[in-house]
Structures are given as C-alpha cells and as structure tokens.
Amino acid sequence: MIESGRDRSRRIDTNYHRKVDASIKLKRIYGLLALVVGLGLSVWFVYASISARDSGAVSTGALASAHAFMGDSDCLKCHTANVPIRSDAVWGKDLHHVAANNQKCDACHASAGHFVSHTRSDVLDSLSCSECHREHLGKQTSLVLQDDLQCIRCHENLSAVAKIAGQRKDATSFSKAGGHPEFRSLTNDPGTIAFSHAQHMRPGQAFAADDKSATTLARIPSQFRHLYRANSQGLVQLDCADCHSPDSAWPKVSGSTLGSRANTPDSAIDRATAQSLEPPADQAISASTSRQAEHRYFQPVEFDRHCVGCHQLPLKIQHGLDRAATIEQIQRAAAVTVVQQHTPGDLATASTQLADRVAAIFGQGKMCAKCHQLESDQAAGHIVRPSNIPARWLQGARFSHAAHRDHACSLCHADAHSNSPPEANQPLAQRVMIGGLNVCVKCHISDSQQLADRSSETMKNMTDGACVTCHRYHLDPPNAIDRRASAEMGRP
Amino acid sequence: MLLARHFRHHLPWICLALTLVISSVLWHAYASRVAGRWIGGSSLTGLVIGSVATLIILSELLLWPRKKLRRYRLGRAKSWMSAHLWLGLATGPLALVHSGYHFGGTLSTLLMCLLAVVLLSGIYGWLLQTIIPKWMLVNLPAETIVSQIEHVSRQAVQDARTMLTVACGVSPAEQSDLAESRWNTAEAAEDAKAMIVIGAVSQRGGLRGRTLVTAQVQVEPEDQQTIWRQYLSFIEPFLLGNSSPDRSLADNQRSEQWFSMFRSSCSSTASEVIDRLEDLCQQRRQFNTQDKAHRWLHNWIAIHASISILLAVLLVAHIVLAIRFW
C-alpha cells in the first residue's frame, strides 16, 4: 500500500528530544569537569590560605618591597581573621577592628603618633595604619607617598578633629592662595644674637660705603687669613659658604648651583667642603649621622671657627665658658696686665683698673654684648643668654638643602643678601632671613594636573608640592626636633 | 543588525544593564575621589557593586534550570535570553569596577580571566546563534531534527529501494536483503506500479524544499542493472552516512557531474529515477552541512556553560576568602 504523508510523519520518533545527542553529552561532561575542577581549586585556595602554605594564591597583589621579606606565607601575620583591615572597607572603621589591625602593625613598628597632644583621641583611635599605608599594590609601590586628600580630609577642617578648636589653621592646598597657612616657625626669630647679614656681606663688612673701618685682609690675624679672600680693593668679601657649611660634603652634581654657584668662588666652596669634612665640633652632629647622610642641614655657626678671624676676644678669653669660668679667666688675665702695669703699693688703683677692664668686657655694646644679650640674672650659670638659634627652623616640616642645591642661596634667603638697612621696627635679631610660603610656591605646586602639563615655559621648572614632600605624619613636632637642634637651643 | 528584529524585547534589559554599569562607574568614581584613591571591593561601594555582579552571575545560571522546567512557562524564552545577554554583559564592567581596576592576586585574576572567557564565548555564541540559523533557513531547505538525521536518511534509503524495486525490479543480488526489509517491497511494488511517492528535495518554481513527490516511473530493462549497481555501490552508502567509494557525492558540483555521467550511461526513460536519487543525495549533503552547523551552534555552549560553572564555584571561594581577609 502507498505510504501517506501522515504515515511518514509518524515515522519520526516524537520523543526524539529525550534522546541525548553528542552536544548534550559534551555539555554534561564539560559541566561536570568544571564543577570538579572548581570545587578542587576552591578547596585548595581555602586550604592554602588557612594553612599558610601558599597565601599568595589568595593575595590581592604583591607586597611592597618594605614588607616583601615576609613573603606570602601567612596572611595572619598582618591580617586578623574575619576582620576588615582596610579602613575604607565596610565595618573597617569599627574601633575594635582598627585596634586589632593596628596592634598587628605595632608588633614591628613603633611609630610615633600624630599631634597626639592636639588631636582628639577618638579621631586617632579610628585611624587604621592601612588607611594610609596601602599594601598589595606591587613591589615598587611606596607605602609612604600619600595623596594630599589623605591629609586634607582632616586638615581642611581641623576644628573637627582638634582637642581645642582654632589653635591651628586649616590647609587645603599648598600652592593655591589661602590653601596653606604661613610657616609658624618663621614668624619670629627666637635667637638672641645681634647679627646683620647685610653688613657682613658688604665688602669689608662696612657699615656704610665710605666706612673707613672696613676690614681688610691685612687686619685679619695671619692664622685666619687663608680662610678669607679680598676684593680688588683689598677689602674682605664674605660669602655664604664662609660661615655656613653643610652637615656633610655635597654630593657632586654637575651644574649644581650650590656646588658651582656664580656668586661663590671655587675656593669658598672648597673651604666649605673642607670645613664640612673636619670632625664636627658638636657631638650632637655626629649623633645624627643618618641626617648627615641626607645633606639636609648646615652645621651651626661657631665663634671659634667663623667669627674669631675678625672678632678676637681680649685677654685671650676663651669663648663659650660658663659664668664662673669666664669671670675667673677674665680676672686672671686682667690681673696679670694690671699687676704688670701698676705701681707697687698702689692697690687701690690696681683694683679700680681691674674692675674697669672686667666692666669693659661686660659693658653694654662692648665685647660680649656686641653680639650677645647679657644675662641679667646673676644666679644664672652663664654670662650671656643662650643664642637660641634654631638648628632647624621649619619645625613642622622637613627641608633638605641638598634637594635645593641647584638654586642660589638668595632665592630663599633674600634678606641676607640685601644691602638695605634693617627696618627700624624690626631689630636684626628678630628678623628671620628665610623666605616663607610665597617663595616655595614659586616652584612647588600641589595641583597634580598642572604638574603633569609641563609643556609650557612657565611650568617646566615646577615641581611637586604634595603634603608629604615636606611633612611626615608620624612626627610629633616637639619630638621631631633633632638632637642637634636641642643641643643648639641649650647652648649659649 | 543583530538586534533589529527583537529590539523591543532587548530594550528594557539594555536600559537596566546600562543603568547598572553607568551608575556603578559614577558611584565608584565619586567614592574614589572622596577617598583619594581607587577604592577596592571591600569598600561599601565595591561590596555593593560586587554583590550586584554576583547576583547577576548566579541568576544567569538560572537559564539552565529554566530550560529544564520550561513546561512551567517561567516567563518568555526571549525575555530570559535578553536578560541573560545584557545583564551578563554588564557583569564585566561591574566586576572591573568592583576590583577597583586592579587585578589582584591569583584567585581574583583567575576570576577575571574566567569571566572574560565566559563573556567572550557568550558574545561568540550570540553571533553564531544570530547568523547561522538565518543562513540555514536559506541554504538548508532539507533541514530536519538533528538527532533524526540518520533516521530520516534510513527512511530515504528505504524510499529509494522501494522506488528502484518498482522501477527496476528486485535486484537478484539484493533479494535476500529486500526480503528482510521492513516494507514488503514486492507488495508495495504491486500497489505502486503506476505511481510512487517519495520524500525528497525538489524545486517547484521559486520554491525549493522537501516535498512529497509523486512520480510515474518506467525504466528500460537494459538500464535496471546499471541503476541498481550504481545505487548500491555509491548512492546508498552515501545516504547512510558511510564513506562512499566515490567522494564526488559529498560535493554539490562534483555530484552534479557524477549524476550527469550516470544519466548519460542510461536511456532517457531512467532520468526520472536518477533525478529522484540525485534529490536524495542532495538532501543527505544538506543533512551533513546541517550537522556541522549544529555543532557550531551548540558546542560553544559546552565551553560557555562549563566555564560559567567554574566561575560560580570559584566565586563562592572568593567570597569566603574575601570575608576572611578583607
């Protein structure tokens, strides 16, 4: 019989879809395989992290070089299990979590607090180390470099975080107008030394252009003469390096202004370098060898090295002794002279002469008082008041002279080079010879976008003005003054 | 082009996916700006975005049970597919934002790579699913159910044998086989002496497709042996999917030449039978092409689905470890 269309349609199995074809088999096999591999890998990842066998497998990135020595062996060296370590994590601000995490850091790092005396303790307690020091971003990542926003978060409104509101001014940007307060430590010179940089930079250290008492090289004792140079008129011409020598030899950089600046003869540089290589007179300097290596500071100016060439003390008095020793030395030296000159039997005259000589040394505007302020308190251990010249002027920040060696001294110390007489209402001793914020912002800008575009002529010499360029978080200013500075502050 | 036909179905999901991605990027950018750095997955923003991405990934996997439970009519298949497509695509940017644009360690990098493979394989499959069916519709008019190709081919063989029995008589060499066949060919031949019905591909005017063809066949006695010999030697093995001694039948152009020669070796009365045999061969060639197209259409799913499973399992591990060391 002939097969109809209906017959033909029935010839196909209507349950064909229940049959498993090759593609379905393939899907099932691959799916099963993926499930097994996935479960296996998951178990391995969890086991590796818990057993500290290979925590690198679950690490979110390589540790910074500072922590690389710990390897990826054990997450729990830094992490606390089931506790968010990052402050920006959910529940990361929980005080218990922060404390638990910071405790892990404190096991190795004994870091100082941040303005503990000024900042509310609850604010400090809520700050996790990892808030700033972000890990797992690669070996080359700096844990110290911070974006300005990290600082601005609090410093844009210090009243909210300070124990006493209004003590410190807010800061939002270094280079924008009004974004950063003036440097507090430059508002007043605590020093007691009367010294005119302008006068000393003039030829012969003359008071005026026609000053007959100007110092010539011939007037300097022969033993000091080699330290100075004269101009064409025979007058002694000082430059910065005659008194200010770096804490260690400058690294030799071609084109360096401090190393070859136009207004400083090579001989002066050599002298400065030679002086810097001499054993430091102050033991405190040698104590801060780490800072020396960074070439940040200058050695303190010392009478016996920098002043005595022109300012010899009478009667061979030794500079820097305490009150009793100085008086004894003066009396002894003066007595010898008086005894040599007096008429035998005339003790009254001799006594008067001795008193006059001592008074001449201590008198106002004479000898010691020419530079020092005499100590009025007779019970004090010294004759003159401590010089109080800060070895480190910018106490809330760090400044490196070495980093600025390509610039002339006058860029920041313009007043020290000025020939204009000091203003009547600002005595020399109170005049800070360091340029302030307005000088820094000539080169340092905090706007990273501006900094990135250095194509224009005005921008090509600009450099970074980020907070961390000068400031350190873990330095509490009272403790930040180095030992050299402390020694200097306490020295007459 | 790909969306033109069903844009109405895609539009809501496109909007949802774009909204998720754009809002996530903007939120993350804002939060990062406030924080002063690219925030990661443990932050509130990162956690929410990561959770959304995870939920999408897990819901993408629901396509499989939905397929198994299609009798319950859980939404329209087109809607499911549109959601799967666009929300799935959104997981890439969402995961990237969740990571804070930072690959991280081995596990997180592995997850990102797996997600990339899933997304790429999905896009690849989407393109195939869009292009190949259209091509098949035009070029494979004989298309049948893939799993039934061999079954239909065997039917074609049976039809051909019936036709040849009617037209050429029982081949002495094949008598034993015919006797065992499901169809009583002798009876059928008696019934269909005048007409035979054969399911084959044929062209009628501008239409080309698989039709039931009614034909009256008469073959000269001297051609009967030739036709049977050629059929049994070359055509039937090819129709059954076995390798034919002459590979010409697998190619359209060469097959045409082969049948042309076959026709010339017989008298003109055999043309009708040979034409039907040629149609059957053409049908088989289309089945072969359909089989290849079917593999292209479906085998990528094995990769896509299995990597998705791997991704989902490792995602759970990632969540567990992230909570432990976040």
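This is a predicted model: local features need pLDDT of at least 70, side-chain atom pairs count only at pLDDT 80 or more; totals for chains, interfaces and linings use all residues.
What share of the contacts in chain B between residues at least 6 apart in sequence join residues at least 24 apart? I looked that up to start with, and the figure is 74%.

**Chain B, overview.** I went through the secondary structure and found 11 helices and two strands. Reading from the N terminus, I get α-α-α-α-α-α-α-α-β-β-α-α-α. I also checked burial: of the 326 residues in chain B, 38% count as buried.

**A helix pair in chain B.** Next I picked α2(B), residues 44-60, and α4(B), residues 77-98. Their axes are 9 Å apart, and the packing angle is about 150 degrees. Angles over 145 degrees count as roughly antiparallel, so α2(B) is roughly antiparallel to α4(B). I noted the crossing of these two helices as left-handed.

Then I listed who meets whom. On the α2(B) side I found, among them, B:Gly46, B:Ile49, B:Ala53 and B:Glu60. The α4(B) side includes B:His84, B:Leu87, B:Thr91 and B:His98. Sorted by class, this contact has 10 nonpolar, six polar and one charged residues.

**Where A meets B.** Last, I turned to the two chains together. I see 44 residues of chain A in contact with 46 residues of chain B. On the chain A side, α1 (5-10), α2 (22-50) and α6 (148-155) each supply at least two residues. Which helix gives the most to that side? It is α2(A), with 16 residues.

Conventions: Residues are numbered from 1 along each chain as its sequence is written. Chains are lettered from A and ligands numbered from 1 in the order in which they are written. Two residues are in contact if their C-beta atoms, placed from the backbone, lie within 7 Å. Helices (H or I, at least four residues) and strands (E, at least two) are DSSP runs, numbered from the N terminus. A residue is buried if 20 or more other C-beta atoms lie within 10 Å of its own, exposed if 12 or fewer, and partly exposed in between; C-beta atoms are placed from the backbone. Axes are lines fitted to C-alpha atoms, for helices over the stretch in contact, and angles run from 0 to 180 degrees between N-to-C directions. Angles under 35 degrees count as roughly parallel, over 145 as roughly antiparallel, 65 to 115 as roughly perpendicular and the rest as oblique. A crossing is left-handed if the near helix is turned anticlockwise from the far one by less than a right angle, and right-handed if clockwise. Ala, Val, Leu, Ile, Met, Phe, Trp, Tyr, Cys and Pro count as nonpolar, Asp, Glu, Lys and Arg as charged, and the others, Gly among them, as polar.
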